[in-house]
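Subject: Structure handover

Hello,

The structure we spoke about is below. My notes on what turned up follow it.

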Amino acid sequence: MKTKGEKKKKIKTADIAYVGIFTAIIAVCSWITVPTVIPVTLQTLAICTAAGLLGAKKGVAAVVAYIMLGIAGMPVFSNFSSGIGQIAGPTGGYLIGFVFTALIVGGAVDLFDKKIWVYAASMILGTAVCYAFGTVWFVLVYNAKAETAVSVSSALATCVVPFIIPDLVKLTAATGLCAALKKYIK
């Protein structure tokens, strides 16, 4: 029962549309691959932009919807892949880590407002948390399935270090996009 003064928060049609649009943007950005030794996608750019513009609830909703579409079989993950196997595999922790990234970026924006320093700092922190979660997941899953164990330092050298510079470029772009578009998305 609601107490006096409590208002029921309504879900707005615009909010649903924003979540859907950013879910699609994340999927499209996961397909855009910069061909290097280890391919680089634009997922981080899309996830940080979504959370930076939409805040925690809607930003996380967009990322969770993206992951759920992939689990359900829609080819939304990188290289047009899909399925629970992508999550259960060694690199699935990075996909789950995107939820934490969106939560950190969106939560910081909700708490401190849409300021450029908030975007930059929260995106760096969110990406670092994604790296940490994904690397731990990688080591645990890889070591459970492989005959030879992989160390945390080897996992970092393979799964994180090659992505630091490209991710910093993407985070800079996401910060710029959020700063430029914040007045248009409420």
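Asp167 and Lys170 form a salt bridge, with their closest N and O atoms 2.8 Å apart. The term stands for a side-chain nitrogen of Lys or Arg within 4 Å of a carboxyl oxygen of Asp or Glu. Both residues sit in helix α7 (residues 164-181), three residues apart, about one turn of the helix. Helices here are DSSP runs of H or I with at least four residues, strands are E runs of at least two, and both are numbered from the N terminus. Asp167 counts as buried at 5% relative accessibility. Lys170 is buried too, at 7%. Buried means under 20% relative accessible area, exposed means over 50%, and partly exposed is in between (1.4 Å probe, protein chains only).

Before you go further, some ground rules. This is a predicted model, where local features need pLDDT of at least 70, side-chain atom pairs count only at pLDDT 80 or more, and totals for chains, interfaces and linings use all residues. Residues are numbered from 1 along each chain as its sequence is written, and side-chain values use heavy atoms, leaving out hydrogens and water.

A search of the whole structure gives two salt bridges. The other joins the side chains of Lys58 and Asp15, at 3.2 Å from N to O. Lys58 belongs to helix α2 and Asp15 to helix α1, so this pair ties together parts that are 43 residues apart in sequence. Lys58 and Asp15 are both buried.

Thr44 is in helix α2 and is buried, with a relative accessible area of 11%. Leaving out residues up to four places away in sequence, Thr44 touches Phe98, Thr127, Asp167, Lys170 and Leu171. Contact means heavy atoms within 4.5 Å.

Next, the aromatic rings. Rings of Phe, Tyr and Trp (its six-membered ring) pair if their centres lie within 6.5 Å; planes under 30 degrees apart are stacked, over 60 edge-to-face, and the rest tilted. The count by this rule is six aromatic pairs. Trp31 and Phe80 are stacked, because their ring centres are 4.8 Å apart and their planes are at 20 degrees. This pair links distant parts of the chain, 49 residues apart: Trp31 is in helix α1 (residues 13-31), and Phe80 is in the loop between α2 (43-71) and α3 (84-88). Trp31 is partly exposed at 31%. Phe80 is exposed at 52%.

Phe138 and Tyr142 also stack, as their ring centres are 5.6 Å apart and their planes are at 15 degrees. They are four residues apart in helix α5 (residues 116-145), about one helical turn. Phe138 is buried at 11%, while Tyr142 is partly exposed at 32%. Ring pairs also link Phe100, Phe133 and Trp137 into a cluster.

Now helix α1. Its 19 residues should span 27 Å at 1.5 Å a residue, and the end C-alpha atoms are 28 Å apart, which agrees. The expected span is 1.5 Å times one less than the number of residues. The buried residues of α1 are Asp15, Val19, Phe22, Thr23, Ile26, Ala27, Cys29 and Ser30. They cover an arc of only 165 degrees around the axis, so they are on the same side of α1. The arc is that of the directions from the helix axis to the C-beta atoms. These buried residues pack against β1 (33-34), β2 (40-41) and α2.

Last, the cores. A nonpolar core is a set of buried Ala, Val, Leu, Ile, Met, Phe, Trp, Tyr and Cys residues joined through side-chain atoms within 4.5 Å. The largest has 35 residues, of which Phe22, Ile26, Val63, Tyr66 and Met123 touch the most other members. α1, α2, α4 (92-112), α5 and α7 each supply at least two residues of this core. Its largest share, 13 residues, comes from α2. Not counting residues up to four places away in sequence, Val63 touches Ile26, Ile47, Phe98, Val99 and Ala102. Another core, of 10 residues, lies apart from the largest one and has among its members Val40, Val150, Ala155 and Val160.

Val139 is in helix α5 and is buried, with a relative accessible area of 11%. Beyond its neighbours within four places in sequence, Val139 is in contact with Val150, Ser151, Val152 and Ala155.

Best wishes
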